[in-house]
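Subject: A structure for you to look at

Hello,

Here is the structure I promised to pass on. Have a look at it first, and then read my notes below.

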Amino acid sequence: MTGSRLWTALVVAALATSSTGCLSSAQLAAVRQFSAATTAVGDLATSEFVVLRNETISMNEARLTLPGIDPGEPDQTNLDESFDPEDVEARVRAAGVLKAYGELLLALATESQTEEIKKASDSLLANLSALPSADQKLDKEQQEALGTIVTSIGGLIVEFKRSKAIRTIVADTTPQIVHLCDLLARDFDPDGDHLATGFLATTETLKERAFEALEAAQARDDKVASLAAYRAAQAGRDKRAMVLARASQSLRQLRKAQDQLKTAMDSRKPSVSDIKEFVATAKALHSAVQVLAKGK
Amino acid sequence: MATVGANISKTLPLLTDLIEKTKDKDEKARLRALHKEMAAKLKELVDKNVDKATQEYEKATAALEDANAALRAAREDLAKTAKAIEKVAKAAEWLGKLAKLAA
């Protein structure tokens with residue numbers, strides 16, 4: 001049996017026999033893996049939105065420098081196109097909630113210092129309250145209740161309280177986390193009709209216009225500028241299409257893992273199949289995030 | 001279920017690739033005009049609420065599927081470019097109707 005399979009078997013066995021209400025050390029290990037992946041997905045989503053906006057501006061600037069480009073193309077007053085600062089900020093806040101949620105779960109599963117847990121809890125609450133109202137799935141009362149859960153742990157971290165806090169936070173935040181995963185996965189989906197699709201349209205437009213300019217270019221400088229723009233668009237097409245598809249897939253896996261974690265936490269004695277499903281998804285998510293981080 | 005987004009995200013790269021392969025000047029000019037039109041319509045639809053339960057959505061999706069198949073065929077055999085142009089023009093027409101409905 002490989003180390004990975006042994007770990008999975010131990011987690012499943014330990015979780016399935018847990019009936020005290022406390023999370024076993026193996027159960028905490030699964031939560032830690034999920035939490036770390038959630039934090040990483042939140043981080044990647046945050047940086048990716050900023051990268052997409054910067055690259056959109058950069059591609060439109062490159063198009064402006066092409067010889068023979070029509071006046072008004074692209075619109076110099078709208079170089080960021082769909083990536084308006086307020087829209088990007090809303091997405092970054094959504095990704096910030098995922099990151100803060102992962103950090104809080106991780107702190108609860110690993111930290112013995114209440115200050116650290118409180119800090120992570122405050123960060124989640126701050127990120128939640130900064131979400132646009134349309135994306136808030138927890139009202140003020142529910143958000144305050146979340147803060148109370150962590151405060152009630154008190155100065156002494158005992159396993160029962162730790163377990164109870166994790167269970168309650170997972171249960172209470174699931175509608176919010178699932179909503180944000182759906183929202184961000186949709187944005188990154190290169191086959192959807194949201195931000196990623198707009199980005200790909202910008203890439204294709206630059207590629208086509210640069211090719212046209214290259215065909216018509218006579219002067220050496222024009223040829224150099226056109227070729228550089230063409231290469232930038234081609235690289236953008238290759239790299240971003242791959243990163244966007246993976247980011248979207250990771251967010252869908254995160255949503256699935258959150259649902260499975262909630263199912264597993266809802267039950268004092270989760271079924272073996274519930275736990276197996278969660279462990280498998282958490283592992284797939286962890287691997288996907290590692291690949292995504294390397295591909296950036 | 002096939003969606004407009006899933007199809008149009010393939011249409012634009014296929015159009016770009018065909019423009020680069022096509023030698024005929026008239027066909028190239030027509031493809032370029034369609035590329036501009038499709039990119040503009042796509043940007044109009046980005047981040048908008050599009051009702052998927054409309055005839056326009058269904059027709060636009062089907063027209064894009066036809067256009068993509070025709071573009072792939074033309075990429076393999078440039079003699080089929082005129083047919084691809086016809087199909088893409090039809091898809092652009094339906095996308096225009098859909099864009100008008102988008103909130």
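What is the mean pLDDT of chain B, and what share of its residues reach 70 or more? The mean is 92, and 98% of the residues of chain B reach 70 or more; pLDDT is the predictor's confidence in each residue, from 0 to 100. This is a predicted model, in which local features need pLDDT of at least 70 and side-chain atom pairs count only at pLDDT 80 or more, while totals for chains, interfaces and linings use all residues. Residues are numbered from 1 along each chain as its sequence is written, and chains are lettered from A and ligands numbered from 1 in the order in which they are written. The model scores ipTM 0.92 and pTM 0.82.

Chain A

Chain A has nine helices and zero strands. Helices (H or I, at least four residues) and strands (E, at least two) are DSSP runs, numbered from the N terminus. Buried residues make up 45% of the 296 residues in chain A. A residue is buried if 20 or more other C-beta atoms lie within 10 Å of its own, exposed if 12 or fewer, and partly exposed in between, with C-beta atoms placed from the backbone. Of the contacts in chain A between residues at least 6 apart in sequence, 74% join residues at least 24 apart; two residues are in contact if their C-beta atoms, placed from the backbone, lie within 7 Å.

The loop between H2 and helix H3 (85-110) of chain A holds A:Pro74, which a cis peptide bond joins to A:Glu73, with omega about -10°. A:Glu81 is also found in the loop between H2 and H3 of chain A. Its phi is near 50°, a positive value in a residue other than glycine, and A:Glu81 is buried, with 20 other C-beta atoms within 10 Å.

A:Ile57 sits in helix H2 (residues 25-64) of chain A. Is A:Ile57 buried or partly exposed? A:Ile57 is partly exposed, because 15 other C-beta atoms lie within 10 Å. Leaving aside neighbours within four places in sequence, A:Ile57 is in contact with A:Leu79 and A:Asp80.

Where the chains meet

The contact takes 18 residues from chain A and 18 residues from chain B. On the side of chain A that touches chain B, there are five nonpolar, six polar and seven charged residues. Here Ala, Val, Leu, Ile, Met, Phe, Trp, Tyr, Cys and Pro count as nonpolar, Asp, Glu, Lys and Arg as charged, and the others, Gly among them, as polar.

Helix H7 (residues 195-216) of chain A and helix H2 (residues 25-45) of chain B have axes that come within 10 Å and cross at roughly 160°. H7(A) and H2(B) are therefore roughly antiparallel to each other (angles over 145 degrees count as such). Residues of H7(A), including A:Thr197, A:Ala201 and A:Glu208, meet residues of H2(B), including B:Arg32, B:His35 and B:Leu42. By class, this contact of H7(A) with H2(B) has three nonpolar, four polar and five charged residues.

A pair within chain B

The axes of helix H3 (residues 55-76) and helix H4 (residues 81-101) of chain B come within 8 Å and cross at roughly 155°, which makes H3(B) roughly antiparallel to H4(B). Among the residues of H3(B) that meet H4(B) are B:Tyr57, B:Ala63 and B:Leu71, and on the H4(B) side B:Val88, B:Trp94 and B:Leu98 are among them. This contact divides into 16 nonpolar, one polar and seven charged residues.

Best wishes

Methods: Axes fitted to C-alpha atoms, helices over the stretch in contact; angles between N-to-C directions. Parallel < 35°, antiparallel > 145°, perpendicular 65-115°, else oblique.
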